[in-house]
Amino acid sequence: MLFSILTLFPDAVESYLDVGVLGIARTRGLVQTRVVDLRDFSRDRHRTVDDRPFGGGPGMVLKPEPIVEAVEWLEARHGEHRRIALTPDGTTLTQGFVESLASPPASSEEHEDVKPILLLCGRYEGFDERALELLQFERLSIGDYVLAGGELGALVLIEAAARLVPGVLGDDRSAVEDSYTTANGGALDHPHFTRPRVFRGRSVPDVLLGGDHGAIDQWRLEESQKRTQRKRAQQEGSQPTNNQDA
Ligand code: SAM
């Protein structure tokens, strides 16, 4: 899986790519990343990439030339990419979308058929619309709120996809059993406990200590269902969840 990231903050992106699961995935060659500084495609010595908005109003807008030229440069060297712009008006990221990136359909299993993914990170008021239109970018949001830039969104997507690549996690079952996995109907994970058995007066549920794996599986399934139903009900009311069973 190969990601190219176009950003005004390459150092910040690079440093997160070295952390944890992503660092492991890259070291093992299971995920490759290429970070490109949008300012390298500026046309002036001040490395300007933004300008004032036509029509007035606050903030600055990312100019189309550096974006289009950076994409053309990247694709001339590394082939055509699937182009995705991080933007609040995009389709909201889901686990299903992440899974489709990590496991392309059987018809495109041939490595050469799977395009690398280009992630364009905005800043300021966002992109000059023409850049996204000309290059037919897909638009992706990571949620209904506004960040200062697209870098976190790009990293969210890469990390979510990388952990689904076989060999990245210590135990590949983790990814299959985790929350939102479409094979499990998008259900949430059950609660987890580790030592000590009692912490500040709270005990680990007895069923997890008894060694009856049938009973443990049943308990986990029921807890997963409870969490899933609770969260879905809260989403309908658009309220934040808490983790209390009460
Ligand atoms: N003027 C824009 C608006 O109101 O929709 C907000 C621009 S935001 C301050 C700057 C950049 O952050 C965007 O171009 C985008 O790349 C990124 N960004 C902000 N919120 C995002 C979100 N929810 N999902 C994905 N990217 C986001």
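User: How far apart do the C-alpha centres of domain 1 and domain 2 lie?

Analyst: Residues are numbered from 1 along each chain as its sequence is written, and in this predicted model local features need pLDDT of at least 70, side-chain atom pairs count only at pLDDT 80 or more, and totals for chains, interfaces and linings use all residues. Side-chain values use heavy atoms, with hydrogens and water left out. The domain assignment, which is automatic or from a database, gives domain 1 as 2-162 and domain 2 as 187-241. Between the C-alpha centres of these two domains the distance is 37 Å.

User: Which element gives the most residues to the shell around the ligand?

Analyst: The ligand is surrounded by 19 residues, each with a heavy atom within 4 Å of it, and these divide into 10 nonpolar, 7 polar and 2 charged, where Tyr counts as nonpolar and Gly as polar. With strands taken as DSSP runs (E, at least two residues) numbered from the N terminus, the one that gives the most, with 3 residues, is β5.

User: What share of the ligand's accessible area does the protein cover?

Analyst: Among the polar contacts (pairs of N or O atoms within 3.5 Å), a ligand oxygen lies 2.6 Å from a polar backbone atom of Leu 86, while a ligand nitrogen lies 2.8 Å from a backbone N or O atom of Tyr 145. Of the 590 Å² of accessible area that the ligand has on its own, computed by the Shrake-Rupley method with a 1.4 Å probe, the protein covers 82%.

Technical notes:
Polar contact = N/O pair within 3.5 Å; in protein donor to acceptor, adjacent residues only side chain to side chain. Helix = DSSP H or I, 4+ residues; strand = E, 2+ residues; numbered from the N terminus.
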